[in-house]
Amino acid sequence: MRRRRAGIVAVAVPVAVMLALGLWGLDRGGMWGDEGVTFLVGRRTVPQIWHLLHGVDVVHGLYYLLMHAVLAVHPGEVTLRLPSVLGAAATAGLVAALGVRLARPRVGLWAGLLYAITPLTGHYAQEGRSYALVAAGVAGATLLLVRALEGRSWWPYGAVLAVTFLLHEFAVLVLCAHAITLATARVPRAVWAGWGRAAGVAAGVLLPLAWVSQRQSGQVAWLRVPDRDTTERLARGFLAVTPTGLVFWTSVLLILVGLGAGRLTSVALPLLVVPPAILLTVSQFRPLFHERYVLYALAGAPLLVAAGADRFMELAGRLRQGGRRVPSGRHVAVAQAVAGVERHPQLVGALTTSAHRPGADRTTGAASRPPGPPQPPTRSTPGSRRSPHRTPLVTLAGVLAVAVPFLHGLPAYRNDRSAAHRPENLAAVSAFVGREMRPGDPVLFLPSFWRVTASAYPGPFRGVRDLALVESGARSGTLSGREVGPGELRERLAGVDRVWIVAQSNLLPSRWAPGDPTDRVKLDVVDGEFARRTEFVSGRVKLALYIRRMPPQPASAAAPVSTAAAPASPSPARP
């Protein structure tokens, strides 16, 4: 009963901390491009969302349907990000539950808190995208894997995996991590069969989505081949509360110590290493890697750090006692744990032989008594008895140790909750539109993706003329709408002497040649016949006013549109 209460506290505290951190600064005053896509798609009808998925973003289809239901309650930035906050809080609790189940309550508490205060966790907890929910699904499936290995049903595991895969298809890489966990645990064929059936059903659910998404692979054309710096940034983002200095190297050291943590290592290490390693390797041939696609693997790092800290505290305690074994209530807990391992041999594995061998003490490898009723504590001399308050004090010390790097990195946490820390702030761009544009002013979006600015914040754009738009995104089944052809757009531009451009900030002027003919006309005419008068830049997006250098020319005098093939630009739309 005492251990159960400690386990509940160990799970509840990280959940509460993650909720507090996630809600802190959640309304940061503006969406960025990808959040704007979630907002505009989530506010469409279900048939319109279904129509869209036939052309783009099928990998986010289930998430968009979920957000449709959420935004129907109240469309706003806080509502948009709230599911991610809840997903991150759930993941923190699940990481803690894994630590409790695979080691002891204080390991779970430390691991859950470390997950909650990791900056990468907090960043995606406040994103209106699916990645925090995917992390929660993978952590939940991993906990269900451990329960299944202890004799529970495999079907909850398969069901959670299936839903998680539909939230993002790259979550399927966790199956490789779980397979390695089974291999290191040396499970019998019956266990492999149960896992195979559950994993096969989940993968089968994913197959239609994967088949359709292959036809939409152009959406990730902006990704580049990852290099050594990419891997280093990922490691620093996963392994430490702060990416440099003493905290990072302490985390690395504790992970190395935690590699001897037996059952926990066989679960946490593959989860941490295998999905990122696979995606990084594949991306050397076909670029598909981004840290958010494997965010769920981060859960393995705090588990190993916490396990390393626990083993270090045990070692320090033995050294203080002169290397003698301390017979106390802890000895009873060890005997009970050994008995539990013998009842569930599926988790008896290979990474640390003494820690996994039935009938061996987890910390010393010495043979323990056969399973049976708990024995009373061995009598010991007064000088060697452990204080009954020592374990709570050690737990509290660990919590304080987690708090120190968090307080040290507080300015960075505060900075991450600023809209300026995201790739762009669509609200700021729209506010500039409201101040500067006049009713009836013509506007162009270059490329058309940046029409998401007007879709996310339509108020300031009411009354302006979108020169290129012929059909809205909702009606055409696209993100940005359908635009006129290059000839008609050139005719429309010939009759204006000023035009506003909402463009990718590295364009105009630029030598970039758009692949879309209509976008080429926008760039050629504006760059060749107009001069920039004023501009406002927010990250990747620029709003600029262009004034014609000479009076408008008749449409018949306009130069023909070049039809030469040109390389496509990286799309700012990032799935």
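Of the 134 residues that make up the largest nonpolar core, Trp154, Tyr157, Leu264 and Tyr296 touch the most other members. Helix α8 (residues 131-149) gives the largest share of this core, with 12 residues. A nonpolar core is here a set of buried Ala, Val, Leu, Ile, Met, Phe, Trp, Tyr and Cys residues joined through side-chain atoms within 4.5 Å, and buried means under 20% relative accessible area, whereas exposed means over 50% and partly exposed lies in between (1.4 Å probe, protein chains only). Helices (H or I, at least four residues) and strands (E, at least two) are DSSP runs, numbered from the N terminus.

The model is predicted, so local features need pLDDT of at least 70 and side-chain atom pairs count only at pLDDT 80 or more, while totals for chains, interfaces and linings use all residues. Residues are numbered from 1 along each chain as its sequence is written, and side-chain values use heavy atoms, with hydrogens and water left out.

Leaving aside its neighbours within four places in sequence, tyrosine 296 is in contact (heavy atoms within 4.5 Å) with Val134, Ala135, Val138, Phe170, Ala171, Leu173, Val174, Leu271 and Pro275. There is also a second, separate core of 20 residues, which includes Leu444, Leu467, Val496 and Ala503.

Strand β5 (residues 498-504) is mostly covered, for seven of its seven residues are buried. Two strands pair if DSSP finds at least two bridges between them. Strand β1 (residues 442-446) pairs with β5 in the parallel sense over four bridges, and within this pairing phenylalanine 445 has valine 502 of β5 as its bridge partner. Strand β7 (residues 541-548) is joined to β5 by seven bridges and runs antiparallel to it, with lysine 542 in β7 standing opposite alanine 503.

Charged side chains make a further set of links. A salt bridge is a side-chain nitrogen of Lys or Arg within 4 Å of a carboxyl oxygen of Asp or Glu, and by this rule the count comes to 25 salt bridges.

| Salt bridge | Closest N and O atoms |
|---|---|
| Arginine 104 and glutamate 314 | 2.3 Å |
| Glutamate 424 and arginine 540 | 2.7 Å |
| Glutamate 483 and lysine 522 | 3.0 Å |

Glutamate 483 lies in strand β4 (residues 482-483) and lysine 522 in helix α24 (residues 517-529), so this pair ties together parts that are 39 residues apart in sequence. Glutamate 483 counts as buried because its relative accessible area is 16%, and lysine 522 is likewise buried, at 1% relative accessibility. In the pair of arginine 104 and glutamate 314, arginine 104 is buried with a relative accessible area of 10%, and glutamate 314 is buried with 15%. Both glutamate 424 and arginine 540 are buried as well. Elsewhere, salt bridges that share partners join Arg28, Glu35, Glu77, Arg81, Glu127, Asp416 and Arg422 into one network.

On the surface, Leu23, Leu82 and Leu86 form a nonpolar patch with about 260 Å² of accessible area together. Patches are made of residues with over 30% relative accessible area and no salt bridge, like charges being joined within 9 Å and nonpolar side chains (Val, Leu, Ile, Met, Phe, Trp, Tyr) within 5 Å; accessible areas come from the Shrake-Rupley method with a 1.4 Å probe, and for residues only the protein chains shown count as cover. Leucine 82 has its place in helix α5 (residues 77-102), and leucine 82 counts as partly exposed because its relative accessibility is 34%.
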